[in-house]
Amino acid sequence: SREWLGAAAEAAMWLRDAGRLAGVLAALEADRPAGRIPAGWQTEFEAARDALQGDTAAALAGFDKARLVWESLGARLHLALNRIHLVLLCPGTPEAASAAGEARRLAAEMGAPTLLTLLERATAATAPRQGRGPAPGPG
């Protein structure tokens with residue numbers, strides 16, 4: 001059963017835990033689910049892995065590739081989360097600024113204040129910290 005994969009990957013991204021994300025990717029690859037949604041997940045999780053490994057260019061390309069999957073499926077929630085993940089994991093890039101605007105627009109269109117909260121947390125998590133503790137997760 002792969003129902004846990006999305007939640008586990010989400011947690012690993014917010015924790016910036018490359019090891020946990022690698023475990024999710026290994027489970028996804030071992031299961032080899034068919035279909036565009038699992039393919040979109042794999043692409044997005046690989047982009048997150050690339051970001052956590054410091055390969056921003058590959059991460060940006062991967063997030064963009066996954067974005068195309070979500071758009072083609074009309075999966076607006078996945079699309080909004082994709083944009084938020086890019087903001088979280090590729091901070092300071094022009095793509096992150098654009099993704100934040102897109103996530104904000106999608107959240108407003110869907111009437112999803114929780115997505116706006118996640119976006120705020122992603123932005124706060126990547127802002128320079130001055131004597132503060134760790135940034136909050138999606139809690």
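Reply: Buried means under 20% relative accessible area, exposed over 50%, and partly exposed in between (1.4 Å probe, protein chains only). The model is predicted: local features need pLDDT of at least 70 and side-chain atom pairs count only at pLDDT 80 or more, while totals for chains, interfaces and linings use all residues. Residues are numbered from 1 along each chain as its sequence is written, and side-chain values use heavy atoms, with hydrogens and water left out.

A salt bridge (a side-chain nitrogen of Lys or Arg within 4 Å of a carboxyl oxygen of Asp or Glu) is found 8 times by this rule. One of these joins Glu102 and Arg83, with an N to O distance of 3.7 Å. Glu102 lies in helix 6 and Arg83 in helix 5, so the pair links distant parts of the chain, 19 residues apart (helices are DSSP runs of H or I, at least four residues, numbered from the N terminus). Both partners are buried: Glu102 has a relative accessible area of 16%, and Arg83 one of 6%. Salt bridges also connect these two residues with Arg76, Arg105 and Glu109 in a network.

Arg83 is also one of the residues that Phe63 touches (contact: heavy atoms within 4.5 Å), and among the others are Glu44, Ala47, Asn82, Leu86 and Cys90, when residues up to four places away in sequence are not counted. Phe63, with Phe45, Ile84 and Leu115, has the most contacts inside the largest nonpolar core, which has 42 residues (buried Ala, Val, Leu, Ile, Met, Phe, Trp, Tyr and Cys joined through side-chain atoms within 4.5 Å). Helices 1 (4-15), 2 (18-31), 3 (36-52), 4 (56-73), 5 (76-89), 6 (94-110) and 7 (113-126) each give two or more residues to this core. Helix 5 supplies the largest share, 8 residues.

Two further pairs have other surroundings. Arg20 and Asp17 meet at 2.8 Å, N to O; Arg20 is exposed at 55% relative accessible area, whereas Asp17 is partly exposed at 23%. Arg49 and Asp50 meet at 3.3 Å, N to O; here Arg49 is partly exposed at 26%, but Asp50 is buried at 14%.

Arg16 follows helix 1 and has a positive phi, near 55°.
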